[in-house]
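Visitor: Could you take me through this model and say on what grounds each term is applied?

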Amino acid sequence: MNKIPVFVISLKDSKRIDRITNRLNEIKINFKIIYGINGDKLEKKNRLHFFYDKEKTIENTGREFHPSEVGGCASHLKVYRYMIKNKIKKAIIMEDDAYPSSNLKDWINKNYELENNTILGFYAYPTDGLINKKPYK
């Protein structure tokens, strides 16, 4: 068993789930799949407003979020709620498009501690730079 729980966020109909589950099994990391929230389906059902305030988002970021971004954020919140409910103090959370390094197992087993409830994130940002309207490096 891992010293730190690992959660994988995926949509139920994702074609990417096999790739990440095979990789995690290959490097012998235990994990739990948390099925995410599909923002595109929320938009079709006119339910994005339950997770997203369009005006506030534009005010704070300078742009609207795509429904898939809203679903991604809501999916991460779903994992945080699960962690709180199950009294999990720390975890590794990844989406199904991640491809974890074989070094991840060592990192997990070293049971690193971050101070003050720090969230350490590794992201690949879209070309618009998430918040900036112009591409940047």
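**Pocket, core and helix end**

Guide: The second largest pocket has a volume of about 160 Å³, a volume being the space filled by probe spheres set on grid points that are joined across faces, edges and corners. This is a predicted model, in which local features need pLDDT of at least 70 and side-chain atom pairs count only at pLDDT 80 or more, while totals for chains, interfaces and linings use all residues. Residues are numbered from 1 along each chain as its sequence is written, and side-chain values use heavy atoms, with hydrogens and water left out.

Visitor: Why is I92 called buried?

Guide: I92 has a relative accessible area of 11%, and buried means under 20%, exposed over 50% and partly exposed in between, with a 1.4 Å probe and protein chains only; therefore I92 counts as buried.

Visitor: What is I92 in contact with, leaving aside its neighbours within four places in sequence?

Guide: With that exclusion, I92 is in contact (heavy atoms within 4.5 Å) with I4, P5, V6, F7, L104, W107 and I108. The C-alpha atoms of I92 and I108, 16 residues apart along the chain, are separated by 8.5 Å.

Visitor: Which residues make up the largest nonpolar core?

Guide: A nonpolar core is a set of buried Ala, Val, Leu, Ile, Met, Phe, Trp, Tyr and Cys residues joined through side-chain atoms within 4.5 Å. The largest has twelve residues: I4, V6, V8, I17, I20, L24, I27, I29, I92, M94, L104 and I108. Helix 1 gives the largest share, three residues, helices being DSSP runs of H or I with at least four residues, numbered from the N terminus.

Terms used: On a 1 Å grid over the protein atoms alone, a cavity is a set of points where a 1.4 Å probe fits but cannot get out, and a pocket is an open set with protein on both sides within 12 Å along at least five of seven lines; lining residues have an atom within 4 Å of a point. Helices (H or I, at least four residues) and strands (E, at least two) are DSSP runs, numbered from the N terminus.
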